[in-house]
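I've got one structure to walk you through, so let me put it up on the screen.

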Amino acid sequence: MTLSPGVIFANLLLNLSLLTLLIFVAFAMLRSRHLFAVVMLSGVYSLLSACFLVALDAVDVAFTEAAVGAGISTVLMLAGMLLTARREKPVTPKRAPVALAVVAVVGALLIYATIDMPAFGDASSPANSTIGKEYVERTPKEIAVPNIVTAVLASYRGFDTLGETMVIFTAGVAVILLLGVGSARGGRDVKDAPETRGEDKTKKGGA
Amino acid sequence: MEHLILRVITKMFFAPIVLFALYVQFHGDYGAGGGFQAGVIFAVAFILHALCFGLDATRKALPQGVLIVCMVIGVLFYAGTGVATMLLGGNLLSYDTLAPQSTHHAGQHWGIFLVELGVGIAVASTMLTIFYQFAGREPDIDDEDW
């Protein structure tokens with residue numbers, strides 16, 4: 001399938017503007033000391049990422065990014081922020097040149113690594129020619145589900161998804177254990193023992 | 001009554017958000033999305049409710065105790081589907097054993113449906129639990145914080 005030059009140019013323009021906006025939002029988050037603004041900007045960042053993923057035709061990933069990144073995690077960060085200060089303390093960078101050098105070197109290495117990567121949408125890339133092709137060919141015969149992503153996620157890699165569900169469950173249990181008070185039946189009031197030194201000593205002796 | 005507009009809008013949007021979550025949940029075979037996204041959208045509806053009407057009102061509508069039970073039910077739904085396929089003579093999560101006579105892979109459809117339902121229930125209740133626990137430790141957001 002060949003695309004007309006106009007479509008290619010429009011795609012390029014869209015991708016460039018989305019990526020530029022991402023960079024601007026990232027810098028705005030770095031500069032801002034107001035945590036509420038930072039949380040909101042991180043939501044904006046996620047939403048922009050979701051738009052970019054739609055442009056890359058990864059609709060399922062974009063959907064997840066929009067729901068989790070822009071939705072839930074923004075709200076959770078907001079709730080977390082309410083437990084702390086509203087403003088970040090100003091920091092005086094002491095080893096800024098070292099940090100800058102490390103970032104520059106790692107960034108250069110990452111860009112150098114992208115040279116080896118196959119072009120976007122390359123049909124002969126390993127991802128598209130081996131396992132991806134296999135899934136595309138076998139899903140209509142073996143699973144008969146129109147959405148191949150769902151077939152891979154829930155059937156071919158059902159065991160992985162079971163593990164992911166367990167991870168989420170574990171996260172919930174951990175939050176309940178760390179932050180929650182009381183039991184599933186509403187809980188009983190947990191009170192500190194009265195501070196009487198005499199009793200304290202006898203307790204220690206008894207233990 | 002403060003934030004009248006926000007409250008009215010939330011009331012208007014609550015049901016469509018839940019409906020959309022159910023659509024994403026049960027339409028994952030055919031379009032984008034699945035249990036995970038549906039669970040998050042479902043939780044978002046209740047979080048929106050909590051942001052506008054206060055956490056206590058939401059806790060009354062959907063108590064924490066129910067959520068804990070739902071978390072366990074969701075995971076057990078998933079694992080139970082796997083165990084069921086084993087009991088029917090297949091491997092863990094080999095859904096074809098659910099409907100061995102089918103010529104159009106009805107077993108796969110059933111398996112994916114059940115598993116995604118488990119994921120959706122587990123994700124929705126876990127997300128809401130995390131939100132409850134975080135938001136429940138501090139009074140509601142002040143007007144000056146917005």
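I'll start with the chain as a whole and then go to one helix pair.

Quick housekeeping: this is a predicted model, where local features need pLDDT of at least 70, side-chain atom pairs count only at pLDDT 80 or more, and totals for chains, interfaces and linings use all residues. Residues are numbered from 1 along each chain as its sequence is written, while chains are lettered from A and ligands numbered from 1 in the order they're written.

So, chain B. It has five helices and zero strands, with helices being DSSP runs of H or I of at least four residues, strands runs of E of at least two, numbered from the N terminus. Its C-alpha trace spans about 60 × 30 × 20 Å along the principal axes. Of the 146 residues in chain B, 43% are buried, meaning 20 or more other C-beta atoms, placed from the backbone, lie within 10 Å of the residue's own; 12 or fewer is exposed, and in between is partly exposed.

Now the pair: α4, residues 64-87, and α5, residues 106-135, both in chain B. They pack at about 150°, axes 8 Å apart. Axes here are lines fitted to C-alpha atoms over the stretch in contact, and angles run from 0 to 180 degrees between N-to-C directions. How do α4(B) and α5(B) run relative to each other, roughly parallel or roughly antiparallel? Roughly antiparallel, because the cut-offs are under 35 degrees for parallel, over 145 for antiparallel, 65 to 115 for perpendicular, and oblique for the rest.
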